[in-house]
Amino acid sequence: MQAFYKKGLNSASGIPYLPNGTPVADGGLTYLAFVQGFRDTHRLNPDPNAREVCVLCGGPLGESPEVDHWIAQSGVPLFSVCSDNLLPTCGTCNSTTNKGEKDVHDGGSFANWFHPYLRAANGALTLGYDLLSRRVTCTAAQEIDQPKVENLNHLLNLRDRWTREFKNEYVDQQNVLRRREQIRIQNGQPRHTQAEVLQYLRQMQADLVPSKPHYEVHQVLCATMLETARLAAWQTELDLVQ
Ligand SMILES: [Zn+2]
């Protein structure tokens with residue numbers, strides 16, 4: 001079965017069926033058509049030139065998405081030909097450091113696991129930021145889903161990856177303000193006031209676009225920076241206001 005599908009999917013004419021199962025002599029389903037169909041369906045911004053988002057991590061999908069086998073080929077080979085088991089994702093999610101061939105069940109039980117098609121995690125996660133540990137937090141919107149959230153995090157290392165993205169973006173925004181401050185100093189203009197820093201952060205929050213990669217992490221970053229305590233810390237970190 002695997003040999004039949006792999007040979008067919010990767011051929012120019014594809015396997016002799018349409019996606020809905022209708023047999024055809026020509027113009028059957030190809031691997032490329034499957035991936036393109038998935039990308040078109042999950043495109044958050046319909047503009048073909050817009051950045052695409054990985055459905056697992058919310059990061060950039062990248063130029064060449066990889067097709068993950070949700071249940072690894074080595075586990076149940078037959079599922080490698082089942083479309084509900086195939087998931088185009090970013091290369092980072094599919095790497096051996098993250099999902100790789102890890103199990104997505106507990107000894108055959110799927111009760112504490114999300115499934116990309118049949119029990120999606122979309123909308124079931126709540127992100128935040130813990131100032132003490134300086135890490136992005138990820139909890140279940142509903143208590144009953146917490147074991148699923150923990151398993152998903154273990155599978156994809158989402159908290160670690162989202163914390164890195166949070167800090168990357170934080171540094172970028174620091175640098176923007178620092179550059180603006182330097183330009184003001186060079187031009188002999190007054191330095192930024194606290195109100196101007198606040199205005200910058202509010203504008204950054206208002207400019208967030210849901211269809212762009214890492215929207216949720218950047219939302220958390222904006223909310224964290226706008227907290228009074230964090231805002232005060234910015235004054236010191238940026239040395240913006242005398
Ligand atoms: Zn991903």
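## Arg134, between two strands

In this predicted model, Arg134 sits in the loop that joins β3 to β4 (135-140). Its backbone is worth a look: phi is positive, about 55°, although Arg134 is not a glycine. Arg134 counts as exposed, because 10 other C-beta atoms lie within 10 Å, and the cut-off for exposed is 12 or fewer.

Another non-glycine residue with a positive phi is His214, where the angle is about 65°. His214 belongs to the loop between α6 (194-206) and α7. Is His214 buried or exposed? It counts as buried, because 22 C-beta neighbours fall inside 10 Å and 20 or more are needed.

Helix α7 covers residues 215-226, 12 residues in total. At 1.5 Å a residue, the helix should span 16 Å, and its end C-alpha atoms are 17 Å apart, so the two values agree.

Which residues of α7 are buried? They are Val217, His218, Val220, Leu221 and Met225. Around the axis they cover an arc of only 155°, which means that they lie on the same side of α7.

## How α5 meets α7

Two packed helices are described by the angle between their axes and the distance between the axes. For α5 (residues 158-186) and α7, the axes come within 9 Å and cross at roughly 60°. That angle makes α5 oblique to α7. The crossing is right-handed.

On the α5 side, the contact is made by Trp162, Glu165, Phe166, Glu169 and Tyr170. Their partners on α7 are Val217, His218, Val220 and Leu221, and these α7 residues are also among the buried ones listed above.

## Two exposed loop residues

Asn20 is found in the loop between α1 (2-9) and α2 (31-41). With 6 other C-beta atoms within 10 Å, Asn20 is exposed. How far is Asn20 from Leu158, C-alpha to C-alpha? The separation is 34 Å, for two residues that are 138 residues apart along the chain.

Gly123 lies in the loop between α3 (91-94) and β3 (125-130). Gly123 also counts as exposed, because it has 7 C-beta neighbours inside 10 Å.

Notes:
Residues are numbered from 1 along each chain as its sequence is written. This is a predicted model: local features need pLDDT of at least 70, side-chain atom pairs count only at pLDDT 80 or more; totals for chains, interfaces and linings use all residues. Helices (H or I, at least four residues) and strands (E, at least two) are DSSP runs, numbered from the N terminus. The expected span of a helix is 1.5 Å times one less than its number of residues. The arc is that of the directions from the helix axis to the C-beta atoms. Axes are lines fitted to C-alpha atoms, for helices over the stretch in contact, and angles run from 0 to 180 degrees between N-to-C directions. Angles under 35 degrees count as roughly parallel, over 145 as roughly antiparallel, 65 to 115 as roughly perpendicular and the rest as oblique. A crossing is left-handed if the near helix is turned anticlockwise from the far one by less than a right angle, and right-handed if clockwise. Two residues are in contact if their C-beta atoms, placed from the backbone, lie within 7 Å.
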